[in-house]
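Take a moment with the sequence and the fold before reading on. The paragraphs below walk through them step by step.

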Amino acid sequence: MRVVHIITRMIIGGAQQNTLFTVEDQYRDYQDEVALMTGPTTGPEGTLIPRAEQGGFDLRIIPHLTRSIRPFKEWRAYRELISELRDFQPELVHTHSSKAGILGRAAASHLKIPAVHTIHGAAFHFGQSPFHYRAYIAAEKWAARRCDRLISVCDAMTDQYVAAGITTKDRCDTVYSGMDVEPFLTPSRPPADVRQELGIEPQHIVIGKVARLFHLKGHKYLIEAAKEVVAVQPQVRFLLVGDGILKAEFEQRISELGLSDYVIFVGLVPPERVPELIHAMDIVVHTSVWEGLARVLPQGLIAGKPVVSYDIDGAREVVIPNETGYLLPSESIEPLSQALIELATDPEKRHRFGQTGRERFTDQFRHQTMTRRLREIYHRVLDERKQNER
């Protein structure tokens, strides 16, 4: 197959890792002719560009495809995408993320190239102004008419897009975001060694969160809940993996609450270090208030850890109450602290939840499974196009 993937930027994030795994699998395992088109990637979130450059496939940087919204830049990026698509001449275009999803589908439609789009997280979401919320829905409706299929990383994303009137359920497929599960099954380093390097004692119970220190990721709720957790279970330590613009604000609040000795900031790490850090945890928590399906939830379960999450978007598809973890009301603090205290005091329950999650979700989240299912959708789209042209 000859396929182009288009994404706004290649930061170290779930949607970007999902996309890169797909491109790598297509190129390596299926010998597809595949190109990755992305905008310039800069900022505190890190970059996957060096890994992409070593992949052997066609990587193209679209100069004006940036995250910030600037009408003139959007027009330039659209024209650049048309030029690059004409040059590569793909059979199908697969777009990812909000801006690249809209501009990429517009360019593919202009050139009459079949297209699919993955919804990694809704473009319209909690915390937006009414104007921006409505504007994103209108833009998604417009773009949805310019592609053949929508692919969601969880059923909840499909439900949101259908409820917003953007599409109909029969035009959507769910393909869970794939990853390399082996490092989560078997750590590359002994967890005790990793914990020791981080200053964690054997008796400590580690509650970990993997996410950018950014708005909507919900660190502030975890920090507030941590006060009560530590009061009941002083052997608990909180391990925060990730970096971002809110670090100074969080450090100040942690100091005000007297929690500085209980919270460890790991900072930004390359994706290959995430498995060893999750294995160093006893409990995985994710308090995001907006997310398609956070990769860290299945990652934690595949590593055999119980998970605690707010009941948002696709979380309930892997966080099964009293089977793999706890599902809590969004933005809640007291229920969060109580769930963490309960798990911190019950090692048998932690083990049972983690083992159940590992058994249920390991195969489902292999990147090879994801890529195989995506290629099946590509073939179906191309076959339908051919039939309609007859």
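This is a predicted model: local features need pLDDT of at least 70, side-chain atom pairs count only at pLDDT 80 or more; totals for chains, interfaces and linings use all residues.

Residues are numbered from 1 along each chain as its sequence is written, and side-chain values use heavy atoms, with hydrogens and water left out.

Start with the overall layout. The chain splits into domain 1 (2–178 + 366–389) and domain 2 (181–364). These bounds come from an automatic or database domain assignment. Between the C-alpha centres of domain 1 and domain 2 lie 29 Å. Their contact takes 28 residues from domain 1 and 23 residues from domain 2. Contact here means heavy atoms within 4.5 Å.

Next come the charged pairs. Side chains of opposite charge can pair when their charged atoms come close. A salt bridge is counted when a side-chain nitrogen of Lys or Arg is within 4 Å of a carboxyl oxygen of Asp or Glu. How many salt bridges does a search of the whole structure find? The search finds 28.

One of them joins Arg2 and Glu33, with 2.4 Å between the closest N and O atoms. Arg2 sits in strand E1 (residues 2–7) and Glu33 in strand E2 (residues 33–38), so the pair links distant parts of the chain, 31 residues apart. Helices (H or I, at least four residues) and strands (E, at least two) are DSSP runs, numbered from the N terminus. Arg2 is partly exposed at 21% relative accessibility. Glu33 is partly exposed too, at 45%. The cut-offs are these: buried is under 20% relative accessible area, exposed is over 50%, and partly exposed is in between (1.4 Å probe, protein chains only).

Now look at Arg149 and Asp173. Their side chains meet in a salt bridge of 3.0 Å, N to O. This pair also links distant parts of the chain: Arg149 is in strand E6 (residues 149–152), Asp173 is in strand E7 (residues 172–174), and 24 residues separate them. Are these two buried or exposed? Arg149 is buried, at 11% relative accessible area. Asp173 is buried as well, at 13%.

Glu376 and Arg372 form a salt bridge, their closest N and O atoms being 3.3 Å apart. Both belong to helix H15 (residues 367–389); they are 4 residues apart, and therefore separated by about one helical turn. Glu376 is partly exposed, at 41%. Arg372 is partly exposed, at 39%. Elsewhere, salt bridges link Asp58, Arg60, Glu84 and Asp87 in a network.

Turn to the second largest pocket. It holds about 190 Å³ of space. A pocket is found on a 1 Å grid over the protein atoms alone, as an open set of points where a 1.4 Å probe fits, with protein on both sides within 12 Å along at least five of seven lines; lining residues have an atom within 4 Å of a point. Grid points are joined across faces, edges and corners, and the volume is the space filled by probe spheres set on the points. The lining has 13 residues, and the closest to the pocket centre are Phe214, His215, Leu216, Lys220 and Tyr221. Helix H9 (219–232) and helix H10 (247–256) each supply at least two lining residues. H9 gives the most, with 3 residues. By type, the lining divides into 7 nonpolar, 3 polar and 3 charged residues.

Helix H10 also holds Lys247. Lys247 is partly exposed, at 28%. Leaving aside neighbours within four places in sequence, Lys247 is in contact with Leu213 and Phe265. Lys247 and Phe265 are 18 residues apart in sequence and 9.0 Å apart in space, C-alpha to C-alpha.

Back in strand E1, find His5. His5 is buried, with a relative accessible area of 0%. Not counting residues up to four places away in sequence, His5 touches several residues, including Thr19, Val34, His94 and Tyr378.

Finish with backbone angles. Most residues other than glycine have a negative phi. Lys112 has a positive phi, near 60°. Lys112 lies in the loop between helix H4 (98–110) and strand E5 (115–119), and is exposed at 67%. Asp313 has a positive phi near 45°. Asp313 lies in the loop between strand E12 (307–310) and strand E13 (325–328), and is buried at 17%.

Key:
Ala, Val, Leu, Ile, Met, Phe, Trp, Tyr, Cys and Pro count as nonpolar, Asp, Glu, Lys and Arg as charged, and the others, Gly among them, as polar.
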